[in-house]
Amino acid sequence: MTYWKVRPYVLTAGRTRTRQPLLVHTLVSVPHYDAVFASALLPEARTLYEHARRAARSVAELSAVCGMSLGVTRVVVDDLAATDRLLIHTDHHNVDFRLLERLRDGLRKLA
Amino acid sequence: MRIMASAYQMGSHLEAVEADEQDPDRLERLYRIDHANTRIRRHAENLQVLLGRRVEDANPQTVPLVDVVRAASSAVEHYPRIRMGHVLDLAVVEFAADDVIRVLTELLDNATRFSPPTAPVIVSAFITEDGGVLLRIEDAGVGLHPDHVAQLNALLGGRPLSPAATLDPAAHLGLAVVAHLAGSHRLRVTLTNRPSGGTTATVLVPGALLCEIPTPAGPDPATPSPVWPPPPRPVPGQAGVPIPPPPAWPPPPIAGGTDPWSTPMATPPDSTHAPTVRLATLGGQAAEPQPSGGLPRRVPTSVRDDPAAAPPPPADPGAGSPPEAWPDETAAFAAGVSDARTTSDEGPQR
């Protein structure tokens, strides 16, 4: 766990936006694990990299296992992806938007 | 003090909100508030230092150098320009970590403030041959006035400014904080101009203030340490090593109660670290028994030495208790021993 005086904005150099949309359920994975690369990473990125290495993980999952806020996780994932060390699975073709909309409408009725 | 406490509070509230915020814009604004609050905290802490008070840290802990650097950056206005160079995997011990962070904060603040707004400030940490760590902050600023370098280094070295000094002490409050903290922890802080332009600030942290980075499990035992002794206690029992001392000790508690094992007197305050494995394995003949809360476990093993250990009690308690209590004590002691024997038969022993 990071020391409490290390504020979250320092971990991301103040950035909150990512180059590509990273949703909570976006899956990321490590294509080729590189131990040397891992050892050179900052602690947060290293834990994240190690966790994503075993299997494809969602952003939300990584945030939880690494003990980082979602905002920080997103930027760390994005930075790793920018170096091609992390693969972001962006295909949302299997998402049926009509189904989701109907689901949403149904939930609204319930609420 | 109150400003500091409020800033600490606000910091923890902000952290909770930041963790929940999913909107990048709002998160960015929260970061700005957090950043401002962190700087308020820093200035409040610095005032304490300048007043000669020690800044109390509610939860001191060993901090890895990487985190020392980042914690220091957190309170610097232009923190995004700070780049981390090579920082080795060591940590600063808990009683000094916060002060090293404060020192580094002020030096980083100077470096970022007096260098071009686009130029990075690089901070790195190297080990020195005498086991200390050299923190190095390099900026690409205009550098210091040659006259001032010597004066500032004198200030940082804890020497009073000479009357001829052209420095305005009020303009260097940050360095005054650094000098103060450096003095109390024997840090060596120096500023040098680089011929190529820019200034390098170095902090030499003595080896005594350094340690290995605690493993993830490490920081936890630090807080619940009172909880930790119990787990090892079963071990002496399992070891099955005869420990003669305990039988000598039940008598005093017996005088006060019928159940020797539940008597609070059986656990003097100094006994918390007594029941170690080492005592059980090495201290078989130890003359100074350390009674403890672990008695129920340890006594079964002592029963083996019963014939040898039983005699001492008559001599012992006589000194500490009135003679009329004596028969009761022996009876209770015998009861205790038989109790112990039964428990040992059911046996945690094997």
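This is a predicted model: local features need pLDDT of at least 70, side-chain atom pairs count only at pLDDT 80 or more; totals for chains, interfaces and linings use all residues.

Modeller: Residues are numbered from 1 along each chain as its sequence is written, while chains are lettered from A and ligands numbered from 1 in the order in which they are written.

Colleague: How many helices and strands does chain A have?

Modeller: Helices (H or I, at least four residues) and strands (E, at least two) are taken as DSSP runs, numbered from the N terminus. Chain A comes to 6 helices and 3 strands, and along the sequence they follow the pattern α-β-α-α-β-α-α-β-α.

Colleague: In what order do the strands of the sheet stand?

Modeller: In chain A the open sheet of 3 strands has the order β2-β1-β3, with antiparallel pairing. The strands β2 (57-58) and β3 (87-89) of chain A stand at the edges with a single partner strand each, so one side of each is left without a neighbour in the sheet. Strand β1(A), residues 27-29, pairs with β3(A) over 3 bridges, and Ser29(A) stands opposite Leu87(A) in β3(A).

Colleague: At what angle do α3(A) and α5(A) cross?

Modeller: Two packed helices are described by the angle between their axes and the distance between the axes. The axes of α3(A), residues 43-54, and α5(A) come within 10 Å and cross at roughly 75°, the axes being lines fitted to C-alpha atoms over the stretch in contact, with angles running from 0 to 180 degrees between N-to-C directions. These two helices are therefore roughly perpendicular, a label for angles of 65 to 115 degrees, where under 35 is roughly parallel, over 145 roughly antiparallel and the rest oblique. Glu44(A), Ala45(A), Leu48(A) and Tyr49(A) of α3(A) meet Val76(A), Val77(A) and Leu80(A) of α5(A).

Colleague: Which elements of chain A touch chain B?

Modeller: Residues are in contact if their C-beta atoms, placed from the backbone, lie within 7 Å, and this contact takes 17 residues from chain A and 22 residues from chain B. On the side of chain A, α1 (8-11) and α5 (70-82) give two or more residues, and the largest share, 3 residues, comes from α1(A).

Conventions. Two strands pair if DSSP finds at least two bridges between them. Two residues are in contact if their C-beta atoms, placed from the backbone, lie within 7 Å.
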